[in-house]
Structure formats: C-alpha cells, structure tokens
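Dear colleague,

Please find below the structure that I promised to hand over. My notes on what was found in it follow directly after.

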Amino acid sequence: MRNIFPAICFFFFFFWLGHGAPENTDHSNAVINGADKIRSQFLHLLRTRRSPQVPLTVEPAKPVQHPLFQQVPPPTFSEAMESCPKADIKNLKERLKEENFYLHTEAGEQGKLPVLILSLKDSKLKRRPAVVFLHSTNKNKEWVRPLLEAYASREYIAIAVDSRYHGERAHNLTTYQDVWDLIKLADYLTRRKDIDPTRIGITGESLGGMHAWFAAFADTRYAVAAPIIGVQGFRWAIENDKWQARVDSIKPVFEAARIDLGKSAIDKVVVKKVWDRIAPGLASKFDSPYSVPAIAPRPLLILNGADDPRCPLDGIKAPTKRARKAYAKAHASNKFKLIAQPGIGHEMTPLMVKEASDWMDRFLKQ
C-alpha cells in the first residue's frame, strides 16, 4: 500500500486531528461508561501521527475575492443555505464584522489554517455562542457564507475554515483534500473573550458532516453537533456490499489501491485495505456504532437523506440504537435525534438547514 499513501492522505481526519489533540484533555466527567476509554484510544492514535508542532499563532489575512472551487462549473447558489433562518435586520451586511486570518496549527504549508468569522458589530452580549461550519468536498469557507450571515444575525459568532487542499490551501482544480485541525480551532475559539467556551457548536455538509461527527467525538469542547449527510457505517457498508457510492465519490483513491494490490476490479478487499491504511479503526472500533454513542450526553442531531446511497440508512441503525441507549443512560434522551428526510439522497436540503439551526438555538441559547 506504500504507493497509494500520498494519494489517499487527502481524505480522512485521523492524521489531522492528531496534529492538534490537546495533551491534557480531562474526560473525568464522562457520563457514559466506555466513552472515555474509546476517546482516549482515539486520541492516543492521533498523537502517534502528529507533525512537528508550532505555537498556536494568528496571522492577519485579507478577504478572498475569488475563492477556488475544485469542480467545473463552480457552484453559484444553494437554496438550502439561503433558506437558513435569520433575524430581520436592515442593512445586515453593513452591520457584520468580518475577520479573515490564518491560524498556524503545525509546521508545513498545510498547517496554515484559513479562517473566516462573521459576527454583529454592535452586539450587547459580552460572550456569545459560536458555531463552526464545515464545507463539503471541492468547496471552500466562502461557500458557506450565507449560513455564517444567518447565524451572525442571530447573535452567534459564526466560523468557517478551508479544508486542507481546498480554498486558500489549494493550488489547482485537481488537488485532493485532507482535513483541517478542528481541535486546534477549538483551542483558539475557547480563548476568545467574545465567545462563551461552553457554547460552541459544530455542523457541516457531507465530508464536513463527517468531520463534525468525529470532532464532536474527539473533543468535548464542541458542546453541540449537527452533522448533515455525513454519518455512516463503514463496516456495515463493507459487510453488506453497500460501499460503491462512497467509493465512487473518491474513486481515484481506490483505483490506486486496486492497482497496488494487483486487483482487476475494486472489491470489498480493496475498500477495507484503504480504510485500514488511511484511517485505522474507521471500520472497526472508531466506526459510528462506537464513536456516535460516545458523544453522549452532549446534544447530537444526525441529519441524513432516507435514500442516500453514500450514507445508507440501514448502515446507521446500529449506531442510532446504541446512541439512544447511551443518551437514556445519561438521562439525556431529549438530546439525541435522527432525522432521515424521505425521498432525499446525498443532498443538503432547506429542511436539514432549518432543523440544524433550531437544534443550535435550542441548546446553545439556553
């Protein structure tokens, strides 16, 4: 598998999360038995893959005038994002404070994390809740600006970042993506005087939804999570021959693995080898049946399409069942919810955006 390593490092978050995992994370208050153990194992794995560290520093940046989209033609409009609830504020754009900067999280070119933050200039709140928004494959932080504006109008600090090899971290249309360091981002956000460190939420679409799920699992500072079309069962897909749609979304990775393994076609053996190579434990002890329940008792809303081939509904039955049990044990059954929108495939819809927005308001504005 050595020949495919450069090609496949783009996809998953295990390398990235480890770069910024806090050294002294305190999990002594975990409610669910076993959650601390699996989280500790996960963080241990991450720390073994860390790059050279640098002090967490902030470098000012300018607004991006022409953001790079790695798809042709580039997207121009999202009905789902534009539908996000917002406060009725005249001249909203003029009343928004925009921050653009780079957060240095580790050594190397990709350790320079581009950040975009929007907030109301004249807020009377000393500390506000914050929500991190994660874009999907081939997009960038500027793409989610409609969501940032909507949340900022409702007195949130709204944050977006570029994934590795996306946006300002990309150089051409064919560069693959790695994932950015959300744990380091939490380090920064919890230090800001205008953010309540106990009220930080995280959400994202597709790849961003997957990252939101794992960031909430790995770092308890993300108090509320609402992953959109991102939660899936990797082992279930392999065992039930439902891996094709996910593989097709990043097919060059698996084609490289097929060639390296001397296979005539991509099969479940190739798929398992890739997952094991780029994300140890993804299809076993860190898969959704184990990592999703470990988010309890923090509020978790999973939003999927009922007909999504990349995140098959049958594949999240086990994690959903275990999560409900974990939340019930924590006396927090009202803090877990799954919404599978009928007739919807791998698509973020206005309903999902509205439900995620209501979820954040419910638990971050108490």
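The largest share of the lining of the largest cavity comes from β6, which gives three residues. A cavity here is a set of points, on a 1 Å grid over the protein atoms alone, where a 1.4 Å probe fits but cannot get out, and lining residues have an atom within 4 Å of a point. Helices (H or I, at least four residues) and strands (E, at least two) are DSSP runs, numbered from the N terminus.

Please note that this is a predicted model, in which local features need pLDDT of at least 70 and side-chain atom pairs count only at pLDDT 80 or more, while totals for chains, interfaces and linings use all residues. Residues are numbered from 1 along each chain as its sequence is written, and side-chain values use heavy atoms, with hydrogens and water left out.

**Cavities**

The count comes to two cavities of 30 Å³ or more. The largest cavity holds about 130 Å³ of space; a volume is the space filled by probe spheres set on the grid points, which are joined across faces, edges and corners. The elements that give two or more residues to its lining are β4 (128-134), α5 (145-153), β6 (195-205) and α14 (350-364). In total, 16 residues line the largest cavity, and F133, L147, T203, I228 and M348 lie nearest its centre. By class, this lining has 11 nonpolar, four polar and one charged residues. For these classes, Ala, Val, Leu, Ile, Met, Phe, Trp, Tyr, Cys and Pro count as nonpolar, Asp, Glu, Lys and Arg as charged, and the others, Gly among them, as polar.

The second largest cavity has about 80 Å³ of space. Its lining includes Q232, F234, W243, R246, W275 and R310. At least two lining residues are supplied by each of α8 (234-239), α9 (244-249) and α11 (268-278). The lining of the second largest cavity divides into seven nonpolar, two polar and three charged residues.

**The loop residue K193**

K193 is found in the loop between α6 (182-189) and β6. It counts as exposed because its relative accessibility is 70%; buried means under 20% relative accessible area, exposed over 50%, and partly exposed in between (1.4 Å probe, protein chains only). Leaving aside residues up to four places away in sequence, K193 touches K126 and R127, where contact means heavy atoms within 4.5 Å. K193 and R128 are 65 residues apart in sequence, with a C-alpha to C-alpha distance of 9.3 Å in space.

**Backbone features**

Most residues other than glycine have a negative phi, and most peptide bonds are trans. Two cis peptide bonds may be of interest when you inspect the backbone: one joins V72 and P73, with omega about -5°, and another joins A296 and P297, with omega about 5°. P73 lies in the loop between β1 (57-60) and α4 (79-82), whereas P297 is placed in the loop between α12 (288-291) and β8 (300-305).

N138 is not a glycine, yet has a positive phi of about 75°. This residue lies in the loop between β4 and α5, and N138 counts as partly exposed because its relative accessibility is 25%. E155, also not a glycine, has a positive phi of about 70°. E155 is found in the loop between α5 and β5 (157-161), and its relative accessible area of 22% makes E155 partly exposed.

With kind regards

Key
1 Å grid on protein atoms, 1.4 Å probe; cavity = no way out; pocket = protein on both sides within 12 Å on 5 of 7 lines; lining within 4 Å.
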